[in-house]
Amino acid sequence: MNVYDSDKIAQGLDPLGYRLTDSPDKADMIIVNTCAIREKAVQKVFSYLGRVAGLKQARPNLIIGVGGCVAQQEGERVLKRAPYVDLVFGTHAIGRLPSLVDRIEKKRQRVVDVEMGTRIEESDGAVVPRGETEVSRFLTIMHGCDNYCTYCVVPYVRGRESSRWPDHILAEIQDLVDNGVREVTLLGQNVNSYGQKEGLPDFTALLEKINDIDGLKRIRFTTSHPKDLSANLIAAFGRLDKLCQHIHLPVQSGADTILKRMNRNYTSAQYLDKINQLRTICPDIAITSDIIVGFPGETEQDFAATLDLIETVGYDGLFAFKYSDRPNAPATQFSEKVAERDMDERLQKVLELQETITLAKNRSLVGQTQEVLVESYRLKPAGGNGGTGSGQWTGRTSTNKIVHMPADEAPQGQAGNIGPGSLIPVLIKKAFAHSLWGLPDGSGARTAIGPKGESSHAA
Ligand code: 5AD
Ligand code: SF4
């Protein structure tokens, strides 16, 4: 979401004459777009600001801005902690950025805007790719969250849930496709409740419309709250040919007592039932999740239930985090905090277990042909895997696994046909924990991936 917001920020500043640069030394303005999801992310912001402070000393006209969730959370306090900052703008202020910057340029005043409304009124127009063609882009379809999980800062820093209008979303995707984008990832804290507040057609209806956009090859989305994952959306995985075979379905914990105290509104059994439904419709669907270890009151038994659930589901990948107290989040007041060293140990166990599962899953793909959307080419690092030539292509399977392909080992005539945005069959030769390695399938066959995940070869 911050990647998308950063693009919006750059787009908003373009009419003022600002262009992106890759070096802070050359910049007239540095905007730090921030994340407040865990304390560590907030610490990173202030240590980064400490580093750019030196640049401001050397060049007093440099404008330093802080945007996003930390700006929203800390407001004026950012100016106290980092006196060289000129601008603090919250998550609802991106559209007002041009006028805020104008004020700073003209009056050299320090400005704070952390006002939040019930909706974010957006500027029109797509954030079109800058420079080189980008194959895959993020696109926010909803703002905010009304779920109030007890550990989470999002409802306080991103405000109430609101959905963008479907015609804006569709026009934006069309614009992206016209600029060479082939895959979009639709973003929202809980895409399943898309449009409900506004009385709009639901998320599945939106997916159907996006699926009809010519030139678009793949659709992804994140995140779905398990409590709201509807039968209708599950069915879409069997029906919509562009919808990728991957769902990110954060479970957070495998223990029902903890889920209750997290205010997640589902039990582990209900969660597992949704997983079964997904796999019935789409047997090869990749499933990833988020886990929090050390939520206040989490016992060894609760943690064991989480490990059990991870094994039962057999995730394709996991993001695991140590619980972190957040301002305003109710869990911050909960007693029975788990000791840091116990959290470290639990995190380690989760990561180790998942690594074995991921590796086994990836290995099961060796010998299979997977459809890969090629994203980029780069010179191979010295000592890289396989191949003797100079370059390698990288892309992703529908299940969101990264695949590297050596450019020099492509069968005759194939390499020339590959470029960013091509969707090609790739024979998987090797599997690692975080990537696959394969060769463009030289059989001349085109791989068609059926809606249920079965791949078939048609000569
Ligand atoms: N502490 C640790 N992890 C958190 N997450 C959200 N809030 C916290 C917190 N206070 C994790 C959840 C969420 C992911 C985006 O970040 O797992 O799904
Ligand atoms: Fe946070 Fe829960 Fe909303 Fe996700 S659903 S953003 S975890 S409050």
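**A strand pair, a sheet and a helix**

Q: Hi! Which residue stands opposite Ala286 of β11?
A: His246 stands opposite Ala286 in β11. Keep in mind that this is a predicted model.

Q: What sheet are they part of?
A: An open one made of 3 strands, ordered β10-β11-β12, with parallel pairing. β10 (246-248) and β12 (317-322) are at the edges with a single partner strand each, so one side of each has no neighbour in the sheet. On average, neighbouring strands are turned by 15° against each other, ignoring direction.

Q: Nice. Which helix lies across β11 and β12?
A: That's α13 (residues 340-363), and it runs at about 175° to β12.

Q: Switching topic: which residues of α7 are buried?
A: Pro166, Ile169, Leu170, Glu172, Ile173, Leu176 and Val177. Looking down the axis of α7, these buried residues fall within an arc of 160°, so they line one face of the helix.

Q: What covers the buried residues of α7?
A: The cover includes α1 (2-13), β5 (136-140), β8 (183-187) and α8 (203-211).

Q: How far apart are the end C-alpha atoms of α7?
A: They are 18 Å apart, which agrees with the 18 Å that the 13 residues of α7 (residues 166-178) should span at 1.5 Å a residue.

Q: Last one: what is the phi of Gly180, after α7?
A: Gly180 follows α7 with a positive phi, near 100°.

Technical notes:
Residues are numbered from 1 along each chain as its sequence is written. Chains are lettered from A and ligands numbered from 1 in the order in which they are written. This is a predicted model: local features need pLDDT of at least 70, side-chain atom pairs count only at pLDDT 80 or more; totals for chains, interfaces and linings use all residues. Side-chain values use heavy atoms; hydrogens and water are left out. Helices (H or I, at least four residues) and strands (E, at least two) are DSSP runs, numbered from the N terminus. The expected span of a helix is 1.5 Å times one less than its number of residues. Buried means under 20% relative accessible area, exposed over 50%, partly exposed in between (1.4 Å probe, protein chains only). The arc is that of the directions from the helix axis to the C-beta atoms. Contact means heavy atoms within 4.5 Å. Two strands pair if DSSP finds at least two bridges between them. Axes are lines fitted to C-alpha atoms, for helices over the stretch in contact, and angles run from 0 to 180 degrees between N-to-C directions.
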